[in-house]
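These notes are for a colleague who is opening this entry for the first time. Please keep the sequence and the structure in view while going through the points.

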Amino acid sequence: MIDTLDADAGLVAAFVESGRVEDFERLVERHQRTVFRVVVSVLGPGRERDAEDVTQDVFVQVYRRIASFERRSRFSTWLYRIAYNRAVDVRRAMRARPDSEALSTDPAAPAASRDVLRSYAVADCLSRLPDTQRTAIHLHYWLGHTVAEIAETLGVQAGTVKAWLFRARRLIARCLASKGVRP
């Protein structure tokens, strides 16, 4: 069985040399799920439609720029970094738009409403995290990626991912406490 790294390198080289669309399509098939996961981890839960659009945009960018890929790193690392950066740009643009809804945190609200408010509080606290920390939290807790997998996906050291997770958990706990939400 051919290692994915070798297969990616071969497909990249074949596509750059010949321009065969089939080679690029195989790269897309191999990596589109992970690219989507990286993008949705940055944009956040509930943004799957936006993540699909960004994922498509990432592959269009890669298609146009693949000849500039210098092969100093693995193709997947280069690709996932492009996906991450594009998703961060889209998230920043989304933040620039004003929110139309404000949430009430009335402690006298019924229990079901408190659960919904608690979910909104968690989502709000997550949205306030730096992009790197929010992405690490999402990949780890929502998508079940290991620290090593996150490090590889984002092109950083495992220790960096551990630090992001530690800091994010601490910031989330403080944010929730400031909102009066207990674990």
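Predicted model: local features only at pLDDT ≥ 70, side-chain atom pairs only at ≥ 80, totals over all residues.

In which helix is tyrosine 141 found?

1. Tyrosine 141 belongs to helix α6, which covers residues 131–142. The residue is partly exposed, since its relative accessible area is 45%, and a value must be under 20% to count as buried or over 50% to count as exposed.

2. On the α6 side the residues are Thr132, Gln133, Ala136, Ile137, His140 and Tyr141. Their counterparts in α8 are Trp164, Leu165, Arg167, Ala168, Arg169 and Leu171.

3. Two packed helices are described by the angle between their axes and the distance between the axes. For α6 and helix α8 (residues 158–178), the axes come within 9 Å and cross at roughly 95°. The two helices are therefore roughly perpendicular, because that term applies to angles of 65 to 115 degrees.

4. Is glutamine 133 buried or exposed? This residue, also placed in helix α6, has a relative accessible area of 8% and is therefore buried. Leaving aside neighbours within four places in sequence, glutamine 133 is in contact with Trp164, Arg167, Ala168 and Leu171.

5. Alanine 136 is another residue of helix α6. Its relative accessible area is 0%, so alanine 136 is buried. Not counting residues up to four places away in sequence, alanine 136 touches Ile150, Trp164 and Leu165. Alanine 136 and valine 161 are 25 residues apart in sequence, while their C-alpha atoms are 6.7 Å apart in space.

6. How many helices and strands does the protein have? There are eight helices and zero strands, and the pattern along the sequence reads α-α-α-α-α-α-α-α.

7. Some totals for the protein complete the note. Of its 183 residues, 37% are buried. Among contacts with a separation of 6 or more, 64% are between residues 24 or more positions apart. The accessible surface comes to about 11300 Å², and carbon and sulfur atoms account for 50% of that surface.

How values were computed:
Residues numbered from 1 in each chain as written. Heavy atoms only, no water. Helix = DSSP H or I, 4+ residues; strand = E, 2+ residues; numbered from the N terminus. Buried < 20%, exposed > 50% of the residue type's maximum accessible area, 1.4 Å probe, protein only. Axes fitted to C-alpha atoms, helices over the stretch in contact; angles between N-to-C directions. Parallel < 35°, antiparallel > 145°, perpendicular 65-115°, else oblique. Contact = heavy atoms within 4.5 Å. Areas by Shrake-Rupley, 256 points an atom, 1.4 Å probe, with all protein chains shown as cover.
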